[in-house]
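Visitor: Hi! I'm new to reading protein models. Could you walk me through this one?

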Amino acid sequence: MTADLHTHTTASDGSLTPAQLRAEACAAGISLLAITDHDTTAAMRALERPDDGRLTIIPGVEFSTRWQRQGVHIVGLNIDSASSVMHSACATQSEARDDRALAIAERLEKHGIDDSYAGARAYAAGGAIGRPHFARYLVSIGAVATPAQAFKKFLGGAGDAGGIGHWPSMATAVEWIRDAGGTPVLAHPAKYRLTRSRLGALASAFRDAGGGAIEVISGQQKVEVTTQIADLARRYKFAASTGSDFHEPGRPWAALGRLEPLPGDLTPVWDTW
Ligand code: AMP
Ligand code: MN
Ligand code: MN
Ligand code: MN
């Protein structure tokens, strides 16, 4: 079975429509695909008939949250995307994204950059607005040469230019996902660049909040990272998830379905469904 349980579409900051993503996933030989847009489940509504023969689509979401002073992404897998709890959670997050976008635009104005809110909104094209849309606007006006530079110079890099104060606590997002019948997954644990002991504390807090799985494989990653995260899965008895965090073609480190296998002793998250 080829699974990819972390992907984005035009409903958030991905470049493919839900239907295009499904077609690409089929072409890549994926049999289990989760669509996990940032703070929205709109992609599932866009797909009239989610499954396409050989491919099963799992409804998902990726919530922006905070734990202590750290921004943390929590993926929800196998959720009831039509549930009232998901509906209101995504509405809350949409408002938070909008408030944060205004805060980012205000910051940019202080740098002499005007109209970035409208510019980013246009790039979001009705989807969940995020920093990548600001990055594209900043490139379009020539303020920076690449989106990566926009993140570095204006959008807070690994931090968050809008401030993580806009996001709900990690525990709140875990509860939303549980209430919607899904499995809460700690996304891309290595991306937070935490020390070993602080990452352990995060995993422990996630477990205590009701977390169920951890992304042992997140795109192309070093063997040492896989070893470290697999150890966390064993220590805190998490099921194991795997996902590319696909956003657009042309990123070899996050290509659809290009994932090393999960360590054989771990329980794949789909075995718990
Ligand atoms: P947001 O959800 O608005 O906080 O934006 C976070 C998203 O920005 C991530 O999911 C990535 O898609 C993208 N991103 C984060 N860091 C970078 C970077 N350095 N360069 C380009 N894109 C990035
Ligand atoms: Mn993204
Ligand atoms: Mn993420
Ligand atoms: Mn993601």
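Guide: Happy to; we can look at the metal sites, then a ligand, then a few residues inside the fold.

Visitor: What kind of model is it, and how are things numbered?

Guide: It is a predicted model, in which local features need pLDDT of at least 70 and side-chain atom pairs count only at pLDDT 80 or more, while totals for chains, interfaces and linings use all residues. Residues are numbered from 1 along each chain as its sequence is written, chains are lettered from A and ligands numbered from 1 in the order in which they are written, and side-chain values use heavy atoms, with hydrogens and water left out.

Visitor: Let's start with metals. Which residues hold the manganese ion called ligand 2?

Guide: Asp13 (OD), His38 (NE2) and His247 (NE2) are its protein donors, 2.1 to 2.2 Å from the ion. Donors are N, O and S atoms within 2.8 Å of the metal (3.2 Å for Na, K and Ca); water is not among the atoms, so sites may look incomplete.

Visitor: And how are those donors spaced along the chain?

Guide: The pattern for ligand 2 is D-x24-H-x208-H. His38 sits in the loop between β2 (32-35) and α2 (42-46), and His247 in the segment after β7 (239-243), so this pair ties together parts that are 209 residues apart in sequence. Those element names come from DSSP runs, numbered from the N terminus: helices are H or I runs of at least four residues, and strands are E runs of at least two.

Visitor: Are His38 and His247 buried or exposed?

Guide: Both are buried. Buried means under 20% relative accessible area, exposed means over 50%, and partly exposed is in between (1.4 Å probe, protein chains only).

Visitor: What about ligand 3?

Guide: That manganese ion is coordinated by Glu62 (OE), His73 (ND1) and His188 (NE2), at 2.1 to 2.2 Å. Glu62 lies in strand β3 (residues 56-67) and His73 in strand β4 (residues 70-77), so the two tie together parts 11 residues apart in sequence. Glu62 has 0% relative accessibility and counts as buried, whereas His73, with 22%, is partly exposed.

Visitor: How far apart are ligand 2 and ligand 3?

Guide: The two manganese ions are 5.7 Å apart.

Visitor: Which residues coordinate ligand 4, then?

Guide: His6 (NE2), His8 (NE2), Glu62 (OE) and Asp245 (OD) coordinate this manganese ion, at 2.1 to 2.2 Å. Their spacing in sequence is H-x1-H-x53-E-x182-D. His8, in the loop between β1 (3-4) and α1 (18-27), and Glu62, in strand β3, link parts of the chain 54 residues apart. His8 is buried, at 0% relative accessibility. Ligand 4 and ligand 2 are 4.7 Å apart.

Visitor: New topic! Which residues are around ligand 1?

Guide: They are Asp13, His38, Arg97, Arg100, Gly130, Arg131, Pro132, Ala148, Phe151 and His247. To be near the ligand, a residue needs a heavy atom within 4 Å of it. The shell divides into 3 nonpolar, 3 polar and 4 charged residues. Here Ala, Val, Leu, Ile, Met, Phe, Trp, Tyr, Cys and Pro count as nonpolar, Asp, Glu, Lys and Arg as charged, and the others, Gly among them, as polar.

Visitor: Which side chains come up to its oxygens?

Guide: Among them is Arg100, with a side-chain N or O atom 2.3 Å from an oxygen of ligand 1. A polar side-chain atom of Arg97 lies 3.0 Å from a ligand oxygen, and for Asp13 the distance is 3.1 Å. The elements that give two or more residues to the shell are α3 (84-110), α5 (131-140) and α6 (147-153).

Visitor: Tell me about α5. What does its buried side pack against?

Guide: The buried residues of α5 pack against α3, α4 (116-124) and α6. Arg131, His133, Phe134, Ala135, Tyr137 and Leu138 are buried in this helix. After α5 comes Gly142, with a positive phi near 80°.

Visitor: Can we zoom in on Phe134?

Guide: Phe134 is buried, at 1% relative accessibility. Leaving aside neighbours within four places in sequence, Phe134 is in contact (heavy atoms within 4.5 Å) with residues including Ala101, Ile104, Tyr117 and Leu155. Phe134 and Ile104 are 30 residues apart in sequence, and 8.6 Å apart in space, C-alpha to C-alpha.

How values were computed:
A polar contact is a pair of N or O atoms within 3.5 Å; within protein, one must be able to donate a hydrogen and the other to accept it, and residues adjacent in sequence count only if both atoms are side-chain atoms.
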